[in-house]
Every structure is written in structure tokens, then in C-alpha cells.
Amino acid sequence: MRKRNAKQESKQPEEKTNQKSFTKRGKPAEIKTSEAGQSKSGRGWLRRIKRLFLTLFVVYVSVPFLIRLFPALLANVVYLSALKAPFFVDLQRPEDLQLNHTANFYLSPEEGVRIGVWHTVPDSRWQEAQGEGLSWYESALRDQAPIIIYLHGNGGTRAIGHRVELIKVLSAAGFHVLALDYRGFADSTGDPSEEGMTADSVYLYHWVKERSSGSPVCFWGHSLGTGVATNAACRLQDQGSPPDAVILEAPYTNIREEGAHHPFAQIYRIFPAFEYFFLDTMALSNIFFPNDDNLKSMSSPLMILHAEDDHVVPFEMSRKLYEIALKSQHSQENVKLVSFDGSLGYRHNNIYKDPKLPALLWEFLQPVAEF
């Protein structure tokens with residue numbers, strides 16, 4: 001009996017440890033574990049945030065070195081030709097975008113390169129254009145209406161919304177519009193480059209000029225396309241066939257200065273050796289687009305259009321270009337600067353919305369149209 005009691009006594013402490021603790025009133029005592037769990041959870045989130053910031057920092061620091069090692073990466077950012085927006089649009093069917101007096105066709109400026117082009121006739125001829133083929137559109141270029149070759153900016157295709165809307169405005173105002181996608185853009189083959197984009201524009205100009213029977217042919221460049229327009233105008237001038245006029249919408253002085261002011265660049269402006277890693281690297285890829293230098297020699301009549309609230313290209317760049325053109329052409333009649341108040345909200349892409357635009361264009365182009 002004593003042995004059994006001893007065993008029972010030895011088990012009693014174990015039994016006590018398995019019992020619930022009770023308060024004096026007989027209620028179970030709460031075991032406070034929630035605070036410890038919250039503390040562990042908070043530390044977990046803190047580790048995740050630190051890891052995220054560390055990853056972002058590594059990426060931020062790595063990008064400049066990668067761009068310097070592989071300049072083609074920066075060229076892809078400048079051109080954005082890989083962005084085929086808008087998606088799921090058949091460029092061979094411009095009528096799907098309410099351009100029902102437009103023909104789609106392709107030209108080959110050199111072997112292995114094919115560029116896509118839209119030709120939209122003046123709106124007054126839309127009924128005549130129904131059901132007509134490419135030969136009719138070519139012959140329509142001889143109707144004496146001014147012809148505008150539209151050179152768009154970087155990224156996307158000739159079917160992007162603001163580009164289509166501008167084509168409609170110009171057509172309604174009585175102009176022929178030929179909008180091309182440079183090599184490497186949209187459905188055009190080849191690889192984009194400053195030289196190639198300039199060559200495409202010069203080729204299209206000659207193609208149009210041969211079929212226009214003396215109708216005035218002008219360049220309209222927007223954003224990145226302004227550099228293409230002045231490059232092409234100077235090359236044609238050297239060939240003895242300058243364009244009848246050049247219109248620059250939201251132009252920059254040169255790609256180096258624009259690169260320093262672009263919204264993307266602001267992320268890296270504080271980065272050590274910013275110019276070396278980014279601006280100098282563009283030169284390694286032969287990207288210059290020197291509007292300022294081009295205007296020192298360009299003789300074609302010039303109109304500059306720029307919204308004062310442009311968030312991509314500072315308006316002051318247009319003012320600089322205007323001053324350069326005035327000095328080189330020695331004539332205020334041939335050089336026009338039209339600014340659009342920031343309260344209008346046109347920013348970088350929406351000058352086409354201004355109701356006065358058609359009248360401004362005709363006032364500028366009237367001397368050319370009368371030839």
C-alpha cells in the first residue's frame with residue numbers, strides 16, 4: 001500500500017501541470033499569446049518591406065550599368081517600336097477607325113525593308129473614294145490640295161488615337177495626309193534607327209512628289225518625329241528638292257537635351273554620372289536628332305506648334321528653336337511659333353483638339369498652296 005501511495009504521490013505534480021489554471025472566482029485564466037503573435041507578424045511585414053526596398057535599390061543601380069554595357073537597350077526605350085499599340089487593330093483596314101477614305105499600302109525604300117503607309121484624301125472626296133483602289137488614290141494626289149506627310153513620335157502605330165484624330169482634322173481641313181510607320185514600327189519591317197527613319201521619310205517624299213504634279217508637299221513631325229522631319233528636310237534640301245513647308249508639333253532642341261528633361265530621366269537625375277550612363281550612351285547608338293542644328297541651315301517655311309503645359313517636351317525648347325530659325329532665315333514671314341495656353345489642357349498629344357488649328361494651318365500654307 002505504501003508503495004502504491006508513493007507512486008500516486010509521484011504522479012500528482014504531472015497531473016497538476018495538465019490542469020487548466022483558474023482564477024480565484026473559478027473562471028479559466030486567459031493565456032495572453034495574441035500580443036506575441038502580432039509582434040511576430042509585424043516583424044514579418046517589416047522584413048518583406050526591407051526586402052522589397054533592397055530589390056528596388058539593386059534594380060535602380062543596375063539599370064544604368066546595363067544600359068551603358070548594352071546601348072541597344074536605351075535605343076529600344078527611345079524608339080519604343082516594340083510597343084505595337086493599339087492592340088488588335090488591323091492596320092490594313094483603316095476604315096475600322098472611321099477612316100473610310102483611306103488606303104493602306106506598302107513601300108520598299110531599300111532591299112529587305114517594307115514600310116506601311118496610310119493615304120487619307122481630303123474629306124470632301126470621301127464619297128468618290130468609296131470602293132476605289134490604290135491607283136485612284138495615287139491620281140488623287142494631283143488635285144492641287146496640299147499634301148502633308150505625317151511623321152509620328154515614338155511608340156505605337158499610325159493607329160493610335162491622337163494620331164488618327166489628327167488625320168481626321170487635317171482631312172476635314174482639305175489636306176491629303178500620308179502617315180507612315182517607320183521601319184521596325186507596327187507592320188513595317190526592319191530595325192529602327194535615326195538614319196533608317198530619315199531614309200524612310202525621304203523616300204516617301206520623293207514617291208509623293210513624283211505623283212503630285214506640283215501640289216505642295218509638307219512634313220508634319222510630332223515629338224520624336226520632329227527630329228525625323230528636320231533631318232529629312234535638310235537631306236532633301238541638300239539634294240536640291242526641299243519640302244514646301246515643315247510643321248513641328250511639340251519639338252525638342254536635340255535628343256540629348258530632351259533626354260535630360262524627359263519624365264523618365266527624372267528618376268535618374270540624381271544618379272552619379274547621369275550624363276555618362278544615359279546621354280552619352282544615346283550617342284553611342286547614333287541617336288542625335290539635332291533639330292537645333294538642322295534649323296540653322298533649313299530653308300523651308302517653318303511652323304512650330306507647342307502646348308505650354310506639355311509634360312514631355314518643355315515649351316521653352318520650342319522658343320529656342322524659334323529664335324534659331326529666325327536668325328537663320330532672316331524672315332518672320334517664313335517662321336511661325338504658335339503656343340497653346342496651358343489652361344486648354346492639350347499637353348503633349350492633343351493640339352489637334354484646338355478649333356483654330358485648321359485656320360492656322362491654311363494661313364501658314366496659303367503662300368505655298370498658291371505657288
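This is a predicted model: local features need pLDDT of at least 70, side-chain atom pairs count only at pLDDT 80 or more; totals for chains, interfaces and linings use all residues.
How many residues in the lining of the largest pocket are nonpolar, how many polar and how many charged?

**Entry 1: the largest pocket**

I looked up the lining by class and got 16 nonpolar, 11 polar and 2 charged residues. The lining has 29 residues, and the ones nearest the pocket's centre are Val77, Val78, Asn154, Glu258 and His262. For volume, I noted about 550 Å³ of space.

At least two lining residues each come from helix H3 (71-79), helix H6 (161-172), helix H9 (255-261) and helix H10 (274-284). H10 gives the largest share, with 4 residues.

**Entry 2: the second largest pocket**

I moved on to the second largest pocket, where about 210 Å³ of space lies. Strand E8 (335-340) and helix H13 (357-370) are the elements that put two or more residues into its lining. H13 has the largest share here, at 5 residues. I wrote down the lining residues as Pro301, Met303, Glu333, Asn334, Lys336, Val338, Leu360, Glu363, Phe364, Pro367 and Val368. Sorted by class, that lining is 7 nonpolar, 1 polar and 3 charged.

**Entry 3: the whole chain**

I stepped back for the overall numbers. I count 13 helices and 8 strands in the protein. Of its 371 residues, 47% are buried. The exposed surface comes to about 19,600 Å², with carbon and sulfur atoms supplying 54% of it. I also looked at how far apart in sequence the contacting residues are: taking contacts between residues at least 6 apart, 75% of them join residues at least 24 apart.

**Entry 4: the cores**

Nonpolar side chains in soluble globular proteins tend to be buried together. With that in mind, I went looking for cores.

Which members of the largest nonpolar core touch the most other members? They are Tyr79, Ile149, Leu178, Leu204, Phe289 and Leu302, in a core of 60 residues. Helix H8 (residues 224-238) contributes the largest share of this core, 7 residues. There is also a second, separate core of 32 residues, and Val177, Ala186, Phe340 and Tyr352 are among its members.

Leaving out residues up to four places away in sequence, Leu178 touches Phe105, Val117, Trp118, His119, Leu141, Ile147, Ile148, Ile149, Tyr150, Leu204, Trp207 and Val208.

**Entry 5: two single residues**

Is Thr198 buried or exposed? I found Thr198 in helix H7 (residues 194-211). Its relative accessibility is 1%, so Thr198 counts as buried, the cut-off being under 20%. Beyond its neighbours within four places in sequence, Thr198 is in contact with Val228, Asn231, Ala232 and Arg235. I also looked up a C-alpha distance: Thr198 and Phe289 are 91 residues apart along the chain, and their C-alpha atoms are separated by 9.8 Å.

My last stop was Phe70, in the loop between helix H2 (34-69) and H3. Phe70 has a relative accessible area of 48%; exposed needs over 50%, so Phe70 goes down as partly exposed. The C-alpha atoms of Phe70 and Leu284 are separated by 9.9 Å, although the two residues are 214 apart along the chain.

Methods
Residues are numbered from 1 along each chain as its sequence is written. Side-chain values use heavy atoms; hydrogens and water are left out. Buried means under 20% relative accessible area, exposed over 50%, partly exposed in between (1.4 Å probe, protein chains only). Contact means heavy atoms within 4.5 Å. Accessible areas come from the Shrake-Rupley method with a 1.4 Å probe; for residues, only the protein chains shown count as cover. On a 1 Å grid over the protein atoms alone, a cavity is a set of points where a 1.4 Å probe fits but cannot get out, and a pocket is an open set with protein on both sides within 12 Å along at least five of seven lines; lining residues have an atom within 4 Å of a point. Grid points are joined across faces, edges and corners, and a volume is the space filled by probe spheres set on the points. Ala, Val, Leu, Ile, Met, Phe, Trp, Tyr, Cys and Pro count as nonpolar, Asp, Glu, Lys and Arg as charged, and the others, Gly among them, as polar. A nonpolar core is a set of buried Ala, Val, Leu, Ile, Met, Phe, Trp, Tyr and Cys residues joined through side-chain atoms within 4.5 Å.
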